[in-house]
Amino acid sequence: MNRTTLSLIGAATALAAITGVASLTAGSSDDTAPAAKAATRLPVERSTLLCPTPTSSDVSTTTYTAFTPKGAGTQGTKKGTAGLLPAQDPQDDSGQEDTQKDQKDQKGPQKDTASKPVVPLKEPGKPVTAETDRSDAPALIGTANGPLAPGWTVQQTTTVDAGTGRGMLGTACTAPDTDFWFPGASTAKDRQDYVHLTNPDDTAAEVDLKLYGENGRLKPSTDDAITVPGRSTVPVLLSTLTDVQAADATLRVSARSGRVGATVQAVDQSFGSDWLPASAEPSTSLVLPGIPKDATSARLVVFAPGSDDADLKVRLAGSSSSITPAGHESLHVKSGMTAWADFGDVTKGEPGSLVLTPDAGEGRAAPVVAALRVTRGKGSSQETAFIPATTSIERSATAADNRAKGSTLSLVAPSGSAKVRVTASAGSGGGSPVTKTYDVKGGTTQAVEPPHPASGKGGYALTVERISGGPVYASRMLALPQGGIPMFTIQSLPDDRGMVTVPAARQDLSLLNDGKQ
């Protein structure tokens with residue numbers, strides 16, 4: 001995802017907002033001046049997250065879990081704040097009933113309650129949860145400051161018991177950005193995919209939505225940008241953007257002005273529903289971690305956004321080694337087009353992860369984005385989830401919502417062995433954290449039942465830290481079967497970006513967080 005380019009002064013101001021003080025180096029003719037110091041990594045001091053509108057179903061329950069791990073930036077006496085507030089819905093034409101009555105008796109976020117934050121954190125290391133069964137629960141916009149900002153994570157998990165969208169929908173609330181890719185989206189007749197656009201800022205954002213299929217860009221119904229008013233959310237049904245029905249498509253969300261959070265809600269008439277998060281930024285090599293051992297099908301969708309075709313080597317990192325899936329040694333993706341491959345029950349009773357790398361024998365490597373649609377169950381009792389390509393864990397990553405049962409943590413070391421530390425936090429109702437260390441062999445996926453808090457009650461968070469060795473990728477599956485349906489959701493765990501690199505200074509410009517000098 002692209003980042004907005006900043007001017008020199010803008011960059012300094014941004015660093016000030018993140019670290020408290022930002023400094024720039026000025027030229028000097030004094031040969032006795034001390035040598036420039038190395039850059040320093042410091043904890044961020046402000047984080048923003050956006051949670052989409054959960055569902056319009058009357059038979060659903062949504063749980064929010066917020067957490068900041070203990071660690072760098074969380075020590076000392078300085079206090080922080082963290083919480084989310086309801087976004088506005090400028091359209092309000094989704095057909096949801098007016099449920100303003102009996103609001104005082106309802107728990108969880110409400111459209112007309114803008115003063116009381118949802119899942120407000122008070123301290124690092126202890127999760128906070130909230131639950132709602134409202135069909136008009138709003139999107140949420142929130143920030144964390146001070147010691148609660150580094151690694152702040154919010155998970156939104158919804159269970160829809162019956163009807164359209166039946167299933168479990170889970171997503172980690174996302175940071176705002178200007179560019180997103182969603183391979184695996186669809187405009188097919190049996191799918192209803194909505195992209196939810198949420199604007200955290202006071203001014204409106206202008207957003208372009210483009211869809212790409214097997215033959216290139218799908219002919220749009222209009223080239224008009226989508227306007228997302230300030231502090232508001234706008235859902236857009238993808239099938240209204242084109243008259244072309246595409247079972248496998250790639251959606252690009254790009255902001256002409258402003259920034260948004262974006263995620264796709266995919267509802268399938270046969271396979272349930274889940275959130276489709278954005279893929280990692282286009283890259284020549286990608287990892288899609290955590291295919292369940294009992295997956296009955298896995299469908300890979302890949303898009304090549306650059307000017308060159310991509311030729312990819314496909315490997316499955318299993319529990320003991322990496323193999324080439326039979327019949328899927330490689331995949332050719334034409335420039336500007338979407339390609340896919342069906343792997344069936346590729347894991348054959350063992351957990352695995354897909355690793356995509358350039359096919360060295362086919363010329364220059366080209367960047368791609370990718371996602372997997374994974375299905376569990378058979379017949380009318382099937383349920384689906386998505387695994388987008390994700391980034392490696394440089395320092396740490398967190399899955400916030402875990403229950404007494406149902407969590408599986410997948411750890412992947414695609415190129416070399418690695419040592420990983422996993423910490424189960426205290427529960428939302430008490431207890432104490434528990435830590436366990438895992439050695440992950442290079443080229444393999446290790447799927448484990450993660451540790452639980454000692455004597456803990458309520459939901460808890462899992463924080464994954466890479467201690468040593470090669471790159472590590474991770475995902476967490478939460479499985480809560482219901483009525484014979486294997487309801488589940490999978491969240492990839494990218495690095496939480498809790499630390500930022502700050503250049504050393506020889507001239508302190510004294511730019512403070514509040515902009516005063």
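**Ground rules.** I number residues from 1 along each chain as its sequence is written. Since the model is predicted, local features need pLDDT of at least 70 and side-chain atom pairs count only at pLDDT 80 or more, while totals for chains, interfaces and linings use all residues; side-chain values use heavy atoms, with hydrogens and water left out.

**Entry 1, aromatic rings.** I searched the whole structure for aromatic pairs and found four. For this I took rings of Phe, Tyr and Trp (its six-membered ring) as paired if their centres lie within 6.5 Å, with planes under 30 degrees apart called stacked, over 60 edge-to-face and the rest tilted. Trp-181 and Tyr-212 have ring centres 6.5 Å apart and planes at 40°, so I logged the pair as tilted. Trp-181 belongs to strand 11 (residues 179–185) and Tyr-212 to strand 13 (residues 205–213), so the pair ties together parts 31 residues apart in sequence. Strands here are DSSP runs (E, at least two residues), numbered from the N terminus.

Are these two residues buried or exposed? Trp-181 is buried at 6% relative accessible area, and Tyr-212 is buried at 14%. Buried means under 20% relative accessible area, exposed over 50% and partly exposed in between (1.4 Å probe, protein chains only).

Tyr-212 also pairs with Phe-303, again tilted, at 4.8 Å centre to centre and 40° between the planes. Phe-303 lies in strand 21 (residues 297–303), 91 residues from Tyr-212. I noted Trp-181, Tyr-212 and Phe-303 as a cluster linked by ring pairs.

**Entry 2, charge over a ring.** I looked up Arg-376 and found its charged end over the ring of Phe-488, 4.9 Å from the ring centre. The test is NZ of Lys or CZ of Arg within 6 Å of the ring centre and within 35 degrees of the ring normal.

I traced an open sheet of four strands in the order 33-30-35-36, with antiparallel pairing. Two strands pair if DSSP finds at least two bridges between them. Strand 33 (444–448) and strand 36 (488–492) are the edges, each pairing on one side only. Strand 30 (residues 407–413) and strand 35 (residues 473–479) are joined by six bridges, and Leu-409 has Arg-476 as its bridge partner in strand 35.

How many disulfides does the whole structure hold? My search found one, taking a disulfide as a pair of cysteine sulfur atoms within 2.5 Å. Cys-51 and Cys-173 form it, with sulfur atoms 2.0 Å apart. The link is right-handed, with 105° about the S-S bond. Cys-51 is in strand 3 (residues 46–51) and Cys-173 in the loop between strand 10 (167–172) and strand 11, 122 residues apart. Cys-51 is buried at 1% relative accessible area, and Cys-173 is buried at 8%.
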